[in-house]
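Take a walk through this structure, one contact at a time.

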Amino acid sequence: MTCAVRESGGGWRCAGVRWPREVPELGWSRGGDRRVSVLAYGAGLGFRAVGERHCVGARGNACPLGAVVPGRSTGGRCAECARLDRVHSVAADTMADDPRTYRVYLAWFGPGMVKVGITGEERGAARLREQGAVAFSWLGRGPLMAARRTEEVLRAALGVPDRIPYAKKRAVRGKLAGAEERAGAVAELYARAVELEGRGWPESLERLPLEVVDQVGIFGLDRAPDPDPDPAPGRAVRESAPAPVRSVRELVDGGVVAGRLVAAAGPDLHLAVADGGVVVLDTRLITGWDLTAVTRATEATEVAGSDARVPLIDIGGGGVQGGLF
């Protein structure tokens, strides 16, 4: 994914949010140069979109047509580049001879939202952070096709989907169950999955023990409002982060997004804005745009309030960051 940020040399392109470690990062490139902006909760972020949105190309190559793409597209690619990009993906099942080891995971995103998937073992939990999985456990490890076969068997037998829309994930982030309930949901799914060993589960897939990993703290979603507005003397009050109620639908020419980063999950950045609310920005929407920095804290504050300057939609129905922004 790419998006341009104008600076003195011009041509910097953003690779969107990445999760190689337990903190979100924005990746950037200009020619052969690479740069990373590590995002910090509590820091400001702001930018303005300029011109038209163009296709980001496929597999690291520029779009030969320089096609203009819709502002609401989360892929940021024209039809031809999207096809070329998918042809070489693991999901396309065109890499049967891939020698790498893969892992099967069980992920929980919210009440009633569970899925099974696979990821390359060398990537660790990066894929789970990229998807915004609130809690997960590994299930097994083995060759690609064994992992893929297990994934298909579990989906059919357990009735879990192959994907969960991000809109549904956003709608429940402000009202997540407690840690014990989250862990219990993953453990229950794990127990149902291991019952299928010997019944379509490939022998070449090694089962891994249940070990629930909770990512609420990594995403910054644990800063929920304190339930006691009048705590006893000496009792610590948890830091409060309001639940998101709006999300950016698309960027437009001249549109500005600015606020204070309070949480992040998958591609989503949760920005506290001047009116006291929280707006979610899906960073897949910023790919393909030329971006310019919002250079003054006052400007960021002004545009982040009631006049966000970009189309917003309801979910479920200050300062500027250092670096390139």
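Where is the place of Val-38? Val-38 sits in strand 4, which spans residues 33–38. Strands (E, at least two residues) and helices (H or I, at least four) are DSSP runs, numbered from the N terminus. This is a predicted model: local features need pLDDT of at least 70, side-chain atom pairs count only at pLDDT 80 or more, and totals for chains, interfaces and linings use all residues. Numbering starts from 1 along each chain as its sequence is written, and side-chain values use heavy atoms, leaving out hydrogens and water.

Now the charges. Side chains of opposite charge can pair when their charged atoms come close. The structure holds 19 salt bridges, each a side-chain nitrogen of Lys or Arg within 4 Å of a carboxyl oxygen of Asp or Glu.

One of them joins Arg-72 to Glu-250, with the closest N and O atoms 3.1 Å apart. Arg-72 lies in the loop between strand 5 (44–50) and helix 1 (79–87), and Glu-250 in the loop between strand 11 (246–248) and strand 12 (256–265), so the pair ties together parts 178 residues apart in sequence. Arg-72 is partly exposed at 49% relative accessible area. Glu-250 is buried at 16%. Buried means under 20%, exposed over 50%, and partly exposed in between (1.4 Å probe, protein chains only).

Next, Glu-121 pairs with Arg-141, the closest N and O atoms being 2.6 Å apart. This pair links distant parts of the chain, 20 residues apart: Glu-121 is in the loop between strand 7 (113–120) and helix 2 (126–131), while Arg-141 is in strand 8 (residues 135–143). Both count as partly exposed, Glu-121 at 24% and Arg-141 at 27%.

Helix 2 has a pair of its own. Glu-130 and Arg-127 both lie there, three residues apart, about one turn of the helix. Their closest N and O atoms are 3.8 Å apart. Glu-130 is partly exposed at 22%, and Arg-127 is partly exposed at 32%. Elsewhere, salt bridges that share partners join Arg-170, Arg-173, Asp-268, Asp-282 and Arg-284 into one network.
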